[in-house]
Amino acid sequence: MWMLSCALLCIGCNSYQDLGNEALHVGDYDRAIQKFSKALDEAPADRDARYGIALAYFGKAEAAEKIGQHSVELWTKTQTEFRILQKIDSSVAPAMYSTALFYLARAKIMDDSKAKVLGILNESIALDSTNYFSQNLKGLVLQGMGDTDEAQKIFMDILSKNPNFAPAYSNLGNLYWELGDIEDAWDIWSMGSIQFPQNSHLKRWTKIAEDSLKSSALEKDGLKP
């Protein structure tokens, strides 16, 4: 009798997972969360059900991002499910967990510009060392805290490893500009403009820096009225 009850529980659990997967496949994230939750009620340590609900929360939060809703609550729930999943099986989707942490940190900053997110970003980077979005955001946070040396190191490190990451050109140039290093700012922005000729921000600020350098040169030569 006990074995029959266990078998029925497993059948119910598998059924909930199947329904959850089906809902997830068509983007019905609320229903997927509901079904995977029921599966987890029966087996909280089930890896597949835990992964399913993490994916469902991720999908729901990402859908909100696409319409401009940066939900701290949704990304926190996503983080919670991935954190539990890591305890069950640390090999499952570390890069996606890293991405969820990036979005959580960004949502927190958009909610409160002074939010403390370095711990979240460090965890994200530890999970995926190639998550340049988290590294870039960490650089911006450190720059905002006044640690320009460390921010500069991060932006330069990103570009040395991934010269196709456009935000690092913009942000490193911005940092140099704020420090008054116009020539270095022009150098970085112009490199970025060559790499990304359609990037309007890089193109515009390369021109601004170039005009500033020309103006300074004229002043030194006594040619500027």
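In the predicted model, helix 6 (residues 118-127) packs against helix 7 (residues 132-144) at an angle of about 155°, the axes lying 9 Å apart. Helix 6 is therefore roughly antiparallel to helix 7, a term applied to angles over 145 degrees. Axes are lines fitted to C-alpha atoms, for helices over the stretch in contact, and angles run from 0 to 180 degrees between N-to-C directions. Helices are DSSP runs (H or I, at least four residues) numbered from the N terminus. The crossing of helix 6 with helix 7 is left-handed, that is, the near helix is turned anticlockwise from the far one by less than a right angle. Contact (heavy atoms within 4.5 Å) joins Leu118, Leu121, Asn122, Ser124 and Ile125 of helix 6 to Ser134, Gln135, Leu137, Lys138, Val141 and Leu142 of helix 7. These residues comprise six nonpolar, four polar and one charged, where Ala, Val, Leu, Ile, Met, Phe, Trp, Tyr, Cys and Pro count as nonpolar, Asp, Glu, Lys and Arg as charged, and the others, Gly among them, as polar.

Residues are numbered from 1 along each chain as its sequence is written. Local features need pLDDT of at least 70 and side-chain atom pairs count only at pLDDT 80 or more, whereas totals for chains, interfaces and linings use all residues; side-chain values use heavy atoms, without hydrogens and water.

A second pairing involves helix 3 (residues 47-66) and helix 5 (residues 94-111), whose axes come within 11 Å and cross at roughly 40°. Ala93, in the loop between helix 4 (72-88) and helix 5, has a positive phi near 50°. Most residues other than glycine have a negative phi.

Thr206 is located in helix 11 (residues 200-220) and, at 10% relative accessibility, is buried (under 20% relative accessible area, 1.4 Å probe, protein chains only). Beyond its neighbours within four places in sequence, Thr206 contacts Trp186, Trp189, Ser190 and Ser193. Its side chain reaches the backbone nitrogen of Ser190 at 3.4 Å.

Asp28 lies in the loop between helix 1 (2-25) and helix 2 (29-42).

Terms used:
Helix = DSSP H or I, 4+ residues; strand = E, 2+ residues; numbered from the N terminus. Buried < 20%, exposed > 50% of the residue type's maximum accessible area, 1.4 Å probe, protein only. Polar contact = N/O pair within 3.5 Å; in protein donor to acceptor, adjacent residues only side chain to side chain. Parallel < 35°, antiparallel > 145°, perpendicular 65-115°, else oblique.
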